[in-house]
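Subject: Structure for your review

Dear colleague,

Please find below the structure that I am handing over to you.

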Amino acid sequence: MRTFPIFVSFDDTPPLVVGGGQLAAMKARLLLKRADHVDVAADLLDAELSAFVDAGRAVQLAPMPGIDQIRGRPLVISASEDEEEDARIAKIARSLGVPVNVPDRPPLCTAALPAIVDRGEVTIAIGTSAAAPVLAQRLRAWLEHELHPRLGDLAKLAGSFRDRVAGALPEGPRRRRLWETIFDGPAAAAMLQGEEAEARSLIDLEIERAAETRENDGHAPQGRVVLVGAGPGDPELLTMKAIRALKAADVVFHDKLVGEGVLELARREAELISVGKTKGAHSVPQSEINALLVARAKAGQTVVRLKGGDPFIFGRGGEELDALRVENIAIEVIPGVTAGAAAAASLQIPLTHREVSHTVTFVSGHEAGGAAPSFEHLDLRALASGNNTLVVYMGVTTGAVIARRLLDAGFRTALPVIAVENASRPKERRIATTISTLAVDPDSLGLSSPAVLIFGEVAGLPAAGTVERILAHEEVVRAYA
Ligand code: SAH
């Protein structure tokens, strides 16, 4: 049963429960969390249902209700515990287009009842399309624990300010930003601590401040750009700040390397724009990306520039910053897990190690313009003396050239090399080889982009089983030497 979650109003017409036993009572109790009263169609009522009737919260109708009792209901729950009767009710409801639920009989249902986390104004409904009710209950328990008990009060408080905020600020990014300030700031904190008066005066202040900004400068205030590291692909490797930025974005400019699951975390209304840079084929030139960031921020938007890994490691984040600074645009930078770190974590090898590697060097396998690197800026002889780990980014096609340069500089021929393709993603692959194998046989890794290559003694440390394929290298070593 595939379902779409909605919230149904019981304000005009009460829901109907068919049946008078314990199961019906349980369902009536659930509905009464939100309904003023329910109608119960049954001959005999159990003690709980009778108590509801006595308290004026339930009205008893004759059993076996027909079309007239079902038409127009926001919801009918048939809990008669009689298969034939439930089927009859379901059929009538279906023909009238009235949502119907029969406990534990998914084929008869057109509506599923969610597990509910109830915080007054805030309601969270959890559904598993009837596949795993127990899982829904577990999630509910977890959310009950995670969500502040006064969340509903906070929502109510916000509701009481809605009209004033609407009068003070036009609809759009600025109004939303005001609400974000309120919910992320001291006003919400005060309310959650039960200090309503304090919260109210803080909200007053925020509204005044937001309205003044508008009057003073006469034009829309500038937005801002958040440079966010999206990590290597697995959304679980995002920072909490990155998630918060994605949830606040009006527009997200993302690279090709950013994982699907990461983009799904962006605010639902956010515009997602791919500026997909892949090696050698920049679909949007850097200067144009810079101009887009500037233009959107100037239009008052919260702009997220989402980059694979860390924005400041081979990410051209520096160039974007320069362009934004010239225009005086507010900038925030949120670091991300860089691919080399993710690859090392996945291999369970340390990039530095007290005994075998005291430094780590991140290098690009391509020079600007796409050529293989000359490494002129690196003291390769010093690195060759060992005690160092070299992590090469963008080196899939130039790996062999790089390996030869390193060997020429004196790296030992059997130095272990590990390549990790698609680190942290479902299609991750890890291949171990040696520097001389790579030098002689460029295709030996059989990898495609994105991949990082780790050169160094630490690459000889992975636990058995972590690497997919270890290339035979003895002869090649000899051939090269
Ligand atoms: N800013 C990024 C690097 C961008 S350069 C970071 O900090 O990770 C692009 C290169 O990063 C790719 O060519 C590849 O070498 C590396 N890379 C990015 N994601 C990767 C991944 N999931 N697995 C392996 N390498 C990756």
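Predicted model: local features only at pLDDT ≥ 70, side-chain atom pairs only at ≥ 80, totals over all residues.

Domains

The protein chain is divided into four parts: domain 1 covers 1-113, domain 2 covers 151-217, domain 3 covers 224-337 and domain 4 covers 340-479.

The contact between domain 2 and domain 3

Taken over C-alpha atoms, the centres of domain 2 and domain 3 are 28 Å apart. To their contact, domain 2 contributes 5 residues and domain 3 contributes 8 residues. The size of an interface is often given as the accessible area lost when the parts come together. Here, domain 2 and domain 3 bury about 460 Å² between them, and 33% of that area is on carbon and sulfur atoms.

Which charged residues are paired across this contact? There is 1 salt bridge between domain 2 and domain 3. Arg176 forms a salt bridge with Asp250, and their closest N and O atoms are 2.8 Å apart.

The ligand and its shell

How many residues surround the ligand? The number is 19, and the closest are Asp310, Ile313, Thr338, Ala423 and Ala451. At least three residues of this shell come from domain 3 (224-337), and at least three from domain 4 (340-479). By type, the shell divides into 12 nonpolar, 5 polar and 2 charged residues.

A backbone N or O atom of Asp310 lies 2.8 Å from an oxygen atom of the ligand. At Ile313, a polar backbone atom is 2.6 Å from a nitrogen atom of the ligand. Thr338 uses its side chain instead: one of its N or O atoms there is 2.6 Å from an oxygen atom of the ligand. On its own the ligand has 540 Å² of accessible area, and the protein covers 94% of this.

Yours sincerely,
A colleague

Definitions and conventions
Residues numbered from 1 in each chain as written. Heavy atoms only, no water. Domains from an automatic or database assignment. Contact = heavy atoms within 4.5 Å. Buried area = accessible area lost by both parts, 1.4 Å probe. Salt bridge = Lys/Arg side-chain N within 4 Å of Asp/Glu carboxyl O. Near = heavy atom within 4 Å. Polar contact = N/O pair within 3.5 Å; in protein donor to acceptor, adjacent residues only side chain to side chain. Areas by Shrake-Rupley, 256 points an atom, 1.4 Å probe, with all protein chains shown as cover. Nonpolar A, V, L, I, M, F, W, Y, C, P; charged D, E, K, R; others polar.
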